Amino acid sequence: MRELSLHIMDIIENSISADATLIELFIEENTLKNTFTIKIKDNGKGIDEEMLKNITDPFVTSRTTRRVGLGLSLFESTCLRCNGSLKVYSKVNVGTEVVATMEHENIDRPPLGKIEETVVTVLLNPSIDLVYEHIYNDKKFVLDSREIKRILGSDEINTPEVLLWIKDFIKENLKEISGGAF
Amino acid sequence: MKTIQELEEIRKRTLDKVNQRKDRTTTRIVVGMATCGIAAGARPVLLAIMEEVEKLGLTDVVVAQTGCIGLCKMEPIVEVIKPGEEKVTYVKMDAEKARRIVREHVKDGNVVEEYTMHVIQGKILNDYKVEKE
């Protein structure tokens, strides 16, 4: 994947397939400690222990169209390339958390990319709520789809008009917290 | 700088639209969004569709996403489902092609044949020229 935000979207698609209703996306960039951390947590149906052992093996998948699943293994190889790691914690009927770490300044680290498009894509699913928290050194931006639903007075935030607004809203705020690094 | 209060204005504007979309005339545009689709560039396609729907002011359209459709080499795939009509599957999409589909098929009702999937002698091909020969 050319952007980290595409990896994130891929992992969130797993959460959606696991019937999650709330997804928490946490991104922390620390240029002083040289760390880039991505956490994706859901309240989906979870992964049983047996499968969890080899979860980043491309031949371990729950999909039924074929017996290969590349999402987590691709993300893991990106993390390893950047002197980091990918960890998956899960409990059946509770949820799953994916924690990816990388060196911020590593030459192999893909750019975060259009994370706002990833968020908007996830919000196309009206039944899914997303909390997106992004920390850049000491500055923070938080977006909670439940708050947007409350302000709009409707659960149907999956209209192009609202989603395109959210997209620009995220983009502007990320620019703000990062001092124009995005 | 955008503020969250701007949502209030959107709310006032969109209330009617939401009600309209519940009609049976709603067209569904579905984009495949599994690992295969994402890697092939489904996200810009999806965004382009949303922007075009918004630009043309189409109200009876739902944009949605789905998982792997099972035809990874043809991704990004876009399906257009109009009520009472057969589903149309478009393959190897990009943002520009997707905009054209929204304009010509979703809005005006003309299927963009050259981007659809072609099955020739039991094989899935998408080279339009092959079929013409």
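Helices (H or I, at least four residues) and strands (E, at least two) are DSSP runs, numbered from the N terminus. This is a predicted model, in which local features need pLDDT of at least 70, side-chain atom pairs count only at pLDDT 80 or more, and totals for chains, interfaces and linings use all residues. Residues are numbered from 1 along each chain as its sequence is written, and chains are lettered from A and ligands numbered from 1 in the order in which they are written.

**Chain B in outline**

- Chain B contains 5 helices and 6 strands, arranged along the sequence as α-β-α-α-β-β-β-α-β-β-α.
- Of its 133 residues, 32% count as buried; a residue is buried if 20 or more other C-beta atoms lie within 10 Å of its own, exposed if 12 or fewer, and partly exposed in between, with C-beta atoms placed from the backbone.
- Among contacts in chain B between residues at least 6 apart in sequence, 65% join residues at least 24 apart; two residues are in contact if their C-beta atoms, placed from the backbone, lie within 7 Å.

**The sheet around E3(B)**

- An open sheet of 4 strands has the order E2-E1-E3-E4 (chain B), with mixed pairing; two strands pair if DSSP finds at least two bridges between them.
- Strand E2 (61-66) and E4 of chain B are at the edges and have a single partner strand each, so one side of each lacks a neighbour in the sheet.
- On average, neighbouring strands of this sheet are turned by 20° against each other, direction ignored; axes are lines fitted to C-alpha atoms, for helices over the stretch in contact, and angles run from 0 to 180 degrees between N-to-C directions.
- E3(B) pairs in the antiparallel sense with strand E1 (residues 27-32) of chain B over 4 bridges, and Val80(B) is the bridge partner of Ile29(B).
- E3(B) also pairs in the antiparallel sense with strand E4 (residues 88-90) of chain B, over 3 bridges; Val78(B) stands opposite Tyr90(B), and Glu79(B) opposite Thr89(B).
- The hairpin of E3(B) and E4(B) has 6 residues between the strands, and in it Gly84(B) takes a positive phi near 80°.
- Helix H3 of chain B lies across E1, E2 and E3 of that chain and runs at about 160° to E1(B).

**The nonpolar core**

- The largest nonpolar core has 76 residues, and Ile8(A), Val119(A), Leu123(A), Ile166(A), Val45(B), Ile49(B) and Val78(B) touch the most other members; such a core is a set of buried Ala, Val, Leu, Ile, Met, Phe, Trp, Tyr and Cys residues joined through C-beta atoms within 7 Å.
- Helix H3 (residues 42-56) of chain B gives the largest share of this core, 8 residues.
- Beyond its neighbours within four places in sequence, Val78(B) has contacts that include Ile29(B), Val31(B), Val45(B) and Met93(B).

**Where the chains touch**

- 29 residues of chain A are in contact with 29 residues of chain B.
- On the chain A side, H6(A) supplies the largest share, 9 residues.
- The residues on this side of chain A divide into 14 nonpolar, 7 polar and 8 charged; Ala, Val, Leu, Ile, Met, Phe, Trp, Tyr, Cys and Pro count as nonpolar, Asp, Glu, Lys and Arg as charged, and the others, Gly among them, as polar.

**A loop residue in chain A**

- Ile157(A) lies in the loop between H5 and H6 of chain A, and counts as buried because it has 23 C-beta neighbours inside 10 Å.
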